[in-house]
Amino acid sequence: MKKIYSTVVLAAISLAVSAQSSTNSPYSQYGYGLLSDQTSGFNRGMNGLALGFREHNQVNYMNPASYSAVDSLTFIFDIGASGQITNFKENGVSKNAKNASLEYIVAGFRAARHVGVSFGFVPYTNMGYSYRVNGILNNDIKQKYVNSYNGSGGIHEVYLGVGWEIFKNFSAGVNTSFIWGPIETNVTNSYSDATTKSLRKNTSFNVASWKLNFGVQYTAELDKKNKLTFGATFSPGHKVSGEPTCNIISTNSQTSVTTRTVYSLQHVLKIPTIVGFGTTWNHNEKWKVGADYQWQMWSKTSFPVYRIEYNVGKYVMDDNYFKDRHKITVGGQYCANELSRNFFSRMRIRAGFSYATPYIRVNGGNGPKEIGASLGFGIPIVNVTNNRSILNISGQWVQQSGAGLLKENTFRINIGITFNERWFMKWKVE
């Protein structure tokens, strides 16, 4: 069985590293791309609720302090994928796009008394778009232009984390991560007028750096049936490697002569400081309801942009490119009795809602806000050798929109399988 798991893990990681972009959103062209939720199967059913959750049979890597709650007899392996369809609307025009991707691979186990360990692969950002804009120059129908935009890439994250219950009801933990990945964008301006030069702008960088995420959780036992868990996380911002490069390529359509100007910057990219707070109410292990708040301090970072000032091209850092992102999530889970022999009594029913402010600026104004809602189920997997594994299925709706901006509605199906095996049980033969 262990050999099978090892094979599955290696194959899944290979797929994740080579996977194509899971988005077609034009909004992914800004900054580092679309920010990932970084949630696993059970969290997605609650639209990402995580910071105050402590589960003995699920890996909650959003707060590493939760690892100390992992069951002492089992090894947990969780893998998830998603498929989605997105509708884009702008100026009365509507288009649809479909995507699917492997989302995450995580595992967890109890390493010692009150100490849990987790490791895995999760996405950090995602970029993927391709579209064109047609028009005419100077109100002359004979002079037409086509602007083409495309980009791809994304930042990935692998982590190793530990959570320790330092004393009763209080746990602390940390995830140590390595983040990496390429980002590349292209803009091409072509014209029907042969005397006008075509222009192409290519920008690229490849992130490679470390990342830390600290977490704490404290559970207050209100009475025999009610508990309240408070959680908090902190991820420090810092500079990351990347060396952004901008290529400006100009081609004369008549002579086919091409000129290239290359700009580059070093040691200028940063990831933001992130602070999160959450609380979860647990009633008799049946109802688990909570709320999270996360503050991503993007306004303290900047991003490279190409500008023309006084007819001179410059590649500079824009200190007003990003905005602080605030996200609020509420959600919960109901399970009648997870120890029951009845299949339906052990099923988890989940729901959640979230709202997030934009982290980017578009054309000098605010980028799109994000509203999301989800409904999910945790379905027990029962066979002759295992009755602890869970199939997590959820449906999500996410809308991105803003004043005068493109409106996106995404409908996503998430499927995750949590394998829960008793690797560490000692059998006694009499």
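Lys314 is partly exposed, because its relative accessible area is 36%. Here buried means under 20% relative accessible area, exposed over 50%, and partly exposed in between, with a 1.4 Å probe and protein chains only. This is a predicted model, in which local features need pLDDT of at least 70 and side-chain atom pairs count only at pLDDT 80 or more, while totals for chains, interfaces and linings use all residues. Residues are numbered from 1 along each chain as its sequence is written, and side-chain values use heavy atoms, with hydrogens and water left out.

Which residue does Lys314 meet in a salt bridge? The partner is Glu309, and the closest N and O atoms are 3.5 Å apart. A salt bridge is a side-chain nitrogen of Lys or Arg within 4 Å of a carboxyl oxygen of Asp or Glu. Glu309 is partly exposed, at 30% relative accessibility.

The structure holds nine salt bridges. One of them joins the side chains of Arg307 and Asp318, at 3.0 Å from N to O. Arg307 lies in strand β15 and Asp318 in strand β16, so the pair ties together parts that are eleven residues apart in sequence. Strands (E, at least two residues) and helices (H or I, at least four) are DSSP runs, numbered from the N terminus.

Another salt bridge is formed by the side chains of Glu370 and Arg325, 3.8 Å apart from N to O. This pair links distant parts of the chain: Glu370 sits in strand β21 and Arg325 in strand β17, 45 residues apart. Are these two residues buried or exposed? Both Glu370 and Arg325 are buried. Elsewhere, salt bridges that share partners join Glu55, Glu285 and Lys288 into one network.

What are the pairing partners of β14? Strand β13 (residues 274-283) runs antiparallel to β14, joined to it by ten bridges. Two strands pair if DSSP finds at least two bridges between them. His283 stands opposite Trp287 in β14. β13 and β14 form a hairpin with three residues between them. In the turn, Asn284 has a positive phi of about 60°. β14 also pairs with β17, in the antiparallel sense, over ten bridges. There Tyr293 stands opposite Ile328 in β17.

Val289 belongs to strand β14, residues 287-296. At 35% relative accessibility, Val289 counts as partly exposed. Together with Leu222, Trp281 and Trp287, Val289 makes a nonpolar surface patch of about 380 Å². Patches are made of residues with over 30% relative accessible area and no salt bridge; like charges are joined within 9 Å, and nonpolar side chains (Val, Leu, Ile, Met, Phe, Trp, Tyr) within 5 Å. Accessible areas come from the Shrake-Rupley method with a 1.4 Å probe; for residues, only the protein chains shown count as cover.

Now turn to the rings. The structure holds 23 aromatic pairs. Rings of Phe, Tyr and Trp (its six-membered ring) pair if their centres lie within 6.5 Å; planes under 30 degrees apart count as stacked, over 60 as edge-to-face and the rest as tilted. Why is the pair of Phe167 and Phe170 stacked? The ring centres are 5.1 Å apart and the planes lie at 15°. Phe170 is partly exposed, with a relative accessible area of 23%.

Phe303 and Tyr321 have ring centres 4.9 Å apart and planes at 35°, so this pair is tilted. Phe303 lies in strand β15 (residues 303-309) and Tyr321 in the loop between β16 (312-318) and β17 (325-334), so the pair ties together parts that are 18 residues apart in sequence. Phe303 is buried at 8% relative accessibility, and Tyr321 is buried at 11%. Ring pairs link Tyr32, Phe205, Trp298, Phe303, Tyr321, Phe322 and Tyr359 into a cluster.

Finish in strand β21 (residues 369-380), where Gly378 lies. Gly378 counts as buried, at 0% relative accessibility. Leaving aside neighbours within four places in sequence, Gly378 is in contact (heavy atoms within 4.5 Å) with Arg346, Met347, Arg348, Arg350, Ile390, Leu391 and Asn392. Gly378 and Gly45 are 333 residues apart in sequence, and 8.5 Å apart in space from C-alpha to C-alpha.
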